[in-house]
Each structure stands twice: as C-alpha cells, then as structure tokens.
Amino acid sequence: MIVVGIESSAHTFGVGIVTDDNENDFILADERIQYIPKRGGIHPRESSRFLAEKGPQILKNAFIKSSIEPKKIDAVAVALGPGLGPCLRVGATIARTLSAYLNKPLVSVNHAVAHVEIGSKLTGLKDPVTVYLSGGNTAVIAYVDKRYRIFGETLDIALGNLLDTFAREVGLGPPYVVGGMHVVDKCAESGKRILPDFPYVVKGQDMAFSGLFTASLRAYRKGVDLNDICLTLREIAYNSVLEVSARCLMHTKKKEIMLVGGVAASPILREKFVEMAKIYGASVGVVPPQYAVDNGVMIAWTGLLGYKAGLTIDLKSAVVRQRWRIDEVEIPWR
C-alpha cells in the first residue's frame with residue numbers, strides 16, 4: 001500500500017509518500033519547504049500565499065523522488081487541523097484536487113495525532129506518555145480507550161511560542177534555532193543564577209507561561225543580565241513540563257515517555273527527560289529532529305493507518321478544523 005500525505009498547518013508545506021511494504025524503509029519521499037517571515041512571527045495570509053505558490057512544485061518533486069507514478073498510489077492523506085486556517089486550506093485544496101483527479105480515496109488526518117504516530121513509528125515505543133511540544137502546542141498525552149487523552153496542557157501560550165517570542169523581543173532571534181539549539185537555550189548556558197520571584201505555574205495538571213514571559217520581559221527592560229533571565233525562563237518552563245509529565249507517568253503507570261514536536265529537538269530538554277525517566281524506571285524516545293518538526297511523512301503514515309482502518313472522507317466533507325483537538329479523534333487502528 002502507498003499513501004501520499006500533505007501537511008500545511010502553519011509555515012511548512014510538506015509532502016510525504018510512504019508504504020507499508022517495507023518495515024525498515026517505509027519513506028519513499030519526503031519533500032518540504034518552509035515559509036520564513038522577514039520579521040516577527042508567522043503571518044497566516046503571507047504564509048498561505050507562500051505555501052500556495054510553492055506547494056504544487058513540492059508535490060511534483062515528491063513523486064519524482066519516489067519514482068512512483070501518481071496513479072499507483074492507494075490514497076491521499078491531508079492534515080485538516082489543527083492549525084492556521086488559511087494555511088490548512090492550501091493543503092486541503094491540493095489534496096481534494098489530487099484525490100478527485102486520480103480518483104483515489106481521501107483520508108483526513110489530525111495534525112497532532114500524526115506527530116504521535118510518526119513518533120511511535122520511529123522510536124519503536126508501543127504505549128508511551130507523549131509530550132507534544134511545538135510553537136502552537138504544549139500537551140502531555142496518553143492513549144486510553146481508543147483515544148489519545150490530554151492529561152495536561154498549556155492554559156495560554158505554548159512552550160515554543162514562549163521561547164520564540166521572548167527571543168524575538170530581546171533580539172536573540174530570528175533565527176530561533178542555531179546549530180540544533182534554541183537561541184534561548186544557548187543564552188542560558190552563560191547564566192549564573194536563577195532569578196527570584198518569577199512565576200512557576202502548574203495548576204492541577206496544566207501549565208501556564210504568559211506570566212513567566214511577562215516577568216522575563218520586565219526584567220530585561222530593567223537591565224537584568226540576559227543570560228540569567230534566559231536560564232531562569234528555561235528552567236521554570238522546562239521543569240513545569242517535566243512535573244506534569246512525571247505525574248502522568250505515575251497516574252497512568254506507563255513505562256515509556258516520548259517527546260514529539262519541534263521543541264523536542266532541544267538537547268537540554270532531552271537531557272532533563274532522560275534523568276527524570278531514570279527516577280521512574282521509564283524508557284525515553286525522542287523523534288529525530290527531521291521528523292520532530294512539521295512534515296508530510298507524518299501525515300502520510302497516519303493516513304496509511306487510517307486508510308487501512310477504513311477511515312476515508314468524501315470531498316465535500318473535507319473541510320479544515322482550526323481547533324481540532326487530539327482527544328476528539330477516534331483511533332481505531334490501535
């Protein structure tokens with residue numbers, strides 16, 4: 001079976017082509033391009049225009065790379081949410097067109113579920129607590145009774161958004177990641193002390209970062225050493241995620257923990273999770289950086305799982321869902 005998957009939820013247009021005919025070499029193509037704003041954060045309209053201009057060529061490149069004739073594929077998968085509406089519509093339009101033109105079934109994929117499934121595929125973990133950290137998401141997730149349940153999540157901004165926005169406000173970025181490390185992590189390496197009176201907010205199983213962001217920015221404008229601010233921000237933010245993750249391990253009694261999403265590429269965060277897992281006797285799996293970020297392969301692989309489970313959608317119903325939560329999705333293939 002061969003499935004093509006299309007991802008366009010924010011700043012990346014990705015196309016993956018996968019097969020279940022070869023367990024160890026299941027990726028036939030992985031093409032992608034990323035919109036990088038000249039200044040500030042992602043502007044949905046500008047990003048969607050970039051994706052619409054570049055998307056068709058990326059799709060063509062994927063078929064060329066895979067040496068697969070388009071008519072040979074079995075299904076078309078597409079991320080319909082969550083994400084930025086204008087960007088999601090680019091991928092949805094191209095996927096519906098491809099599905100209709102080739103007369104192939106269309107499979108709707110939840111972007112967050114795709115991060116979890118490609119993580120499980122690449123790490124080999126079977127039933128992990130999943131820590132999903134990206135620019136738009138911060139959630140601790142566990143599979144229970146045919147759904148991925150959210151054990152804890154951010155109540156305001158996501159961890160990746162916290163790091164990127166602070167870096168931008170104090171002139172550390174963009175780019176936000178240099179040499180595989182976030183610029184806030186790099187800045188924190190020269191920090192010498194944890195600053196007092198910065199808010200550490202874990203409410204129940206949920207986290208909040210907006211107060212930490214405000215306190216960090218206020219300290220910077222008062223002239224406090226930036227390295228110390230970065231160290232304090234990083235330690236409080238990362239440790240609050242660790243606390244909720246540890247609670248989830250204890251509550252669910254699972255023995256595996258997996259990091260997915262773009263922030264999972266942080267080596268500092270990985271080290272913290274490895275040390276935490278030792279305490280609880282758990283195994284740690286981290287998605288390779290290439291597939292921790294948004295990509296078409298994760299959509300194609302999850303689409304393949306969904307298609308084999310009989311999950312297809314008619315073209316008229318294939319509309320985007322900007323706030324499509326992971327716990328709203330039935331997972332029949334597990």
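Which residue lies over the face of F26? I looked this up and found K121, at 4.8 Å from the ring centre; a charge sits over a ring if NZ of Lys or CZ of Arg is within 6 Å of the ring centre and within 35 degrees of the ring normal.

I note that this is a predicted model, in which local features need pLDDT of at least 70, side-chain atom pairs count only at pLDDT 80 or more, and totals for chains, interfaces and linings use all residues. Residues are numbered from 1 along each chain as its sequence is written, and side-chain values use heavy atoms, with hydrogens and water left out.

I next turned to helix 3. Helix 3 covers residues 111-123 (helices are DSSP runs of H or I, at least four residues, and strands runs of E, at least two, numbered from the N terminus). Eleven of its 13 residues are buried, so helix 3 is largely enclosed by the rest of the structure; buried means under 20% relative accessible area with a 1.4 Å probe, protein chains only. K121 is one of these buried residues. Just after helix 3, I found G124 with a positive phi of about 80°.

I then examined V170, in the loop between helix 4 (159-169) and strand 9 (177-178). V170 counts as buried because its relative accessibility is 9%. Leaving aside residues up to four places away in sequence, V170 touches L217, Y220 and L226 (contact means heavy atoms within 4.5 Å).

The charged end of R334 sits over the ring of Y143, 5.7 Å from its centre. Y143 and Y148 are both buried.

Methods:
Expected span 1.5 Å × (residues − 1). Buried < 20%, exposed > 50% of the residue type's maximum accessible area, 1.4 Å probe, protein only.
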